[in-house]
Structures are given as C-alpha cells and as structure tokens.
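Please keep the sequence and the model side by side as you read.

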Amino acid sequence: MKHTLAKILLLILCSPAFAQPLDIDDQKNYRLPPEVKHFKLWYGDVGTGEIIYLGTKPIAGFETELHLHFFKNKIFKTLLILGPAGIYEENCVKKYKEVISVLNEKYGHYKYQKVIKDPIADDLVSTSICMPIQLGLYDIVTQWESGDYTITSRIIGDEDGWYIEVEYTKKNPINKNILK
C-alpha cells in the first residue's frame, strides 16, 4: 500500500518535466485562472495575486486544495494542501513520511529538515505526536531544492484535523522570467 500511495502521488502531483506540480506552466503569462485537472476554481483571480482551487476527487485518499500565487501574471508560488480527509491521529506522521518519501524520489533526499517542539508538548497526555501537531506545539518542516524552486513540506493541524502542505516557491520570483 505504501508503494502504491507513493507512485500515485508521484504520478499525479509531480510533473517529470520540472519542479512545479500538476503540470502547471509557470512560464506562461496568465490573464484568466488556469484550468487544473482534478481541481475546480473556488475563488480568486490572477489580478488579485491568488487563486484557490478545491480538489474534485480525492488523490491517494487525501482531500486536496491548491493555491496559486501570481506576480505580474506569472505563477511564483504553488501550495498544495493534502487533508484533512485521509489523515487521522493514528496515521498523521505515517502519511507525512509517505509524502516525504515521494518527494525524495522526485527531488532527491531533502536538503533540510527541522523539528520545532514547544516544551509544553511534554506536559500533554497523548497517544501520539499527532495531538501536539494539531495543537501547534510540534512542527516538522522539510525542504528540497530543485531547479528554480525551493520545495517545502510540513504537517500542520487545526480543530478540523491534520494537513500536509507542499509548497513550491520560485527561488527568485523577481527575475527576468517573471519580469518579461
């Protein structure tokens, strides 16, 4: 099952041609919101600098959301959010590790990983690390470098559950490609 999830995420989320996920053309000048397979426009537009899409069907068991950020009509940051559906207290770290494994396959072993733990998390009585993550007392951030992109993944939580974020950011959004 682990390998199936990894292959599905790899095929659907990570284009083989470049770092940007979902085959979104980051070199194109957009006037209208781009159409993204398996996502529907929720709100926003290119002129305001942000467009948010909701997934139309689960991807590898995850509920999905996609945020595109624009500068001068070109995409400079993409945020893919997996969850909360598909992520539970019993499996939140396991699911995060599976996503990390997929990203490691695509971009090579991560360059940086940081765990931030609030000391108050030690005072909690919980059966897993997922509860401190949900309360914002434990944070895991993992980062890769690929071409023009920095890819950052983290697991976060709120009162609705857990989310795995994968953010693709142009290393230098104010460069000749965007200013053209």
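Arginine 154 lies in strand E7, which covers residues 149-158. The model is a predicted one, in which local features need pLDDT of at least 70 and side-chain atom pairs count only at pLDDT 80 or more, while totals for chains, interfaces and linings use all residues. Residues are numbered from 1 along each chain as its sequence is written, and side-chain values use heavy atoms, with hydrogens and water left out.

Is arginine 154 buried, exposed or partly exposed? Its relative accessible area is 27%, so arginine 154 counts as partly exposed. Buried means under 20% relative accessible area, exposed means over 50%, and partly exposed is in between (1.4 Å probe, protein chains only).

Which residues does arginine 154 touch, apart from its neighbours within four places in sequence? They are Tyr96, Asp139, Ile140, Val141, Tyr163, Ile164 and Glu165, where contact means heavy atoms within 4.5 Å. With one of these residues, aspartate 139, the arginine 154 side chain makes a side-chain polar contact of 2.5 Å. A polar contact is a pair of N or O atoms within 3.5 Å; within protein, one must be able to donate a hydrogen and the other to accept it, and residues adjacent in sequence count only if both atoms are side-chain atoms.

Ile164 turns up again in the largest nonpolar core, which has 35 residues; Ile24, Phe39, Leu66 and Ile164 have the most contacts inside it. Such a core is a set of buried Ala, Val, Leu, Ile, Met, Phe, Trp, Tyr and Cys residues joined through side-chain atoms within 4.5 Å. Several elements each supply at least two residues of this core, among them strand E3 (64-71), helix H2 (92-107), strand E6 (138-146) and E7. The largest share, six residues, comes from H2.

H2 deserves a look of its own. The 16 residues of H2 should span 22 Å at 1.5 Å a residue, and its end C-alpha atoms are 22 Å apart, so the two values agree. The expected span is 1.5 Å times one less than the number of residues in the helix. Among the buried residues of H2 are Tyr96, Val99, Ile100 and Leu103. Residues three or four places apart point the same way because an α-helix has 3.6 residues a turn. Just after H2, glycine 108 takes a positive phi of about 85°.

Tyrosine 30 and phenylalanine 70 are both buried. In the other pair, tyrosine 110 is partly exposed, with a relative accessible area of 22%, whereas tryptophan 144 is buried at 0% relative accessibility.

Finally, the chain as a whole has four helices and eight strands. Of its 180 residues, 45% are buried.
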